Amino acid sequence: MSGQRALEEEGLYITDIPPQLSARIPAEQRGPGLGRDAVRLLVSQGSERVSLHAFRELPGLLRAGDVLVVNTSATLAAAVDARLDGEDLVVHFSTRGDDTRWAVELRAPAGGGTTRPRAGGPAGAVLELPGGHRLTLEEHLAAGADRLWWARPSPAPDGVPALLRAYGRPIRYAYTERDQPISAYQTVFAVPAADGAGSAEMPSAGRPFTAELVARLVSRGVQFAPLVLHTGVASQEAHEPPYPERYEVSAATAGLVNAARASGGRVIAVGTTAVRALESAADARGRVRPAAGWTDLVVTPERGVRVVDGLLTGLHEPGASHLLMLEAVAGRAAVRLGYAEALARLCLWHEFGDVHLLLKDENRDHMHCDSNAR
């Protein structure tokens, strides 16, 4: 049975997100004197241990020698108004290709700045965009991927970054209260790419970090290892496996991670994007090498993780394929317990919500190793 089918047939961690548990505005807007780090941190370690903390307590929960792997991809103002044969649409720019094309998703306006699903295509359709820009839809991104299309921009093939800067806005979903500036969707780790590439949706696990918290972690002896994965759109109505995405793991980051593993430090990925990139650069023995290009890796419990000892991530929706990645890191029992606690303690979901640190059960790993040794 596939991992996704198992999620569907054996029951979800949650069947629905209660409306009151959707984070509608960023943490810093919920009251005077609050910062991005004013969220809660659920910590799962093993199948029987779960606790709730303030995110500011993170330095005390990590150890000297641990490495936090962070995604430095900047978030794009990826939503742009468009027209097709007189129909008002919204285009979500998802992924910059290697041949000047972009993968895009077409959405229908739903009022209040939000959108609803719309069938893609047809092939050959030409969308009119602001500033005299156009997009010609050419083909599906991948077989069976009806939502996303490869589209060729004109008149300037490299004009999409300028288009987004001038006319784009962050992708927004209906659970949010109002539009936010693009700055609300940038993490403290974000570095704009020279070619204009970036993430269609924020690598949100890094959002609660502040410069002050990073400094406290460094003073604790925790290291940061940067990598890049430009994540595409992940519309809330569709629970599909991740599409291929561009990534880069530098030699410096590979060296940091390998050194930490050799010395007994834990490798903790900040976000599912960091897991995908790092595991894509690892060989079968868990050694990370410099790598760049496109990854179609889907991390499941069957595949497992070879490098990552922990994952800091948001709370995911019912049926989301990312739940399988959480299971791969911490085990199904730990994830189920964590989500039961998240509901009981009224944690907040989505990109402006609370976060979840899942750590491997070190006692279980040691018992497994001892059993193999006998």
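The model is predicted: local features need pLDDT of at least 70, side-chain atom pairs count only at pLDDT 80 or more, and totals for chains, interfaces and linings use all residues. Residues are numbered from 1 along each chain as its sequence is written, and side-chain values use heavy atoms, with hydrogens and water left out.

**Salt bridges**

Let's start with the charged pairs. Side chains of opposite charge can pair when their charged atoms come close. Here a salt bridge is a side-chain nitrogen of Lys or Arg within 4 Å of a carboxyl oxygen of Asp or Glu. By this rule the count comes to 22 salt bridges.

| Pair | N to O distance |
|---|---|
| Arg96 and Asp195 | 3.6 Å |
| Glu105 and Arg147 | 3.0 Å |
| Arg172 and Asp179 | 3.0 Å |

Arg96 and Asp195 meet through their side chains in a salt bridge. Arg96 sits in strand β5 (residues 87–96) and Asp195 in the loop between α3 (160–167) and α4 (211–220), so the pair ties together parts that are 99 residues apart in sequence. Helices (H or I, at least four residues) and strands (E, at least two) are DSSP runs, numbered from the N terminus.

How accessible are these partners? Buried means under 20% relative accessible area, exposed over 50%, and partly exposed in between (1.4 Å probe, protein chains only). Arg96 counts as partly exposed at 22% relative accessibility, and Asp195 counts as partly exposed at 30%.

In the salt bridge of Glu105 with Arg147, Glu105 belongs to strand β6 (residues 102–111) and Arg147 to the loop between β9 (134–140) and β10 (148–154), so this pair ties together parts that are 42 residues apart in sequence. Both Glu105 and Arg147 are buried.

Arg172 is buried, with a relative accessible area of 9%, while Asp179 is partly exposed at 47%.

**Helix α4**

Which residues of α4 are buried? They include Leu213, Val214 and Leu217. Seen down the axis of α4, its buried residues fall within an arc of 100°, so they line one face of the helix; the arc is that of the directions from the helix axis to the C-beta atoms. On the other side of α4, Ala211, Glu212 and Ser219 are exposed. The buried residues of α4 pack against α2 (58–61), β3 (67–71) and β11 (223–230), where contact means heavy atoms within 4.5 Å. Just after α4, Gly221 takes a positive phi of about 100°.

**Nonpolar cores**

A nonpolar core is a set of buried Ala, Val, Leu, Ile, Met, Phe, Trp, Tyr and Cys residues joined through side-chain atoms within 4.5 Å. The largest nonpolar core has 44 residues, of which Val69, Val257, Leu278, Val288 and Trp349 touch the most other members. Elements that each supply at least two residues of this core include β3, β11, α5 and α8 (332–344). Helix α7 gives the most to this core, with 6 residues. Not counting residues up to four places away in sequence, Val288 touches Val249, Ala254, Val257, Asn258, Leu278, Ala281, Ala282 and Val307. Apart from this core lies another, of 33 residues, among them Phe93, Leu127, Leu137 and Ile171.
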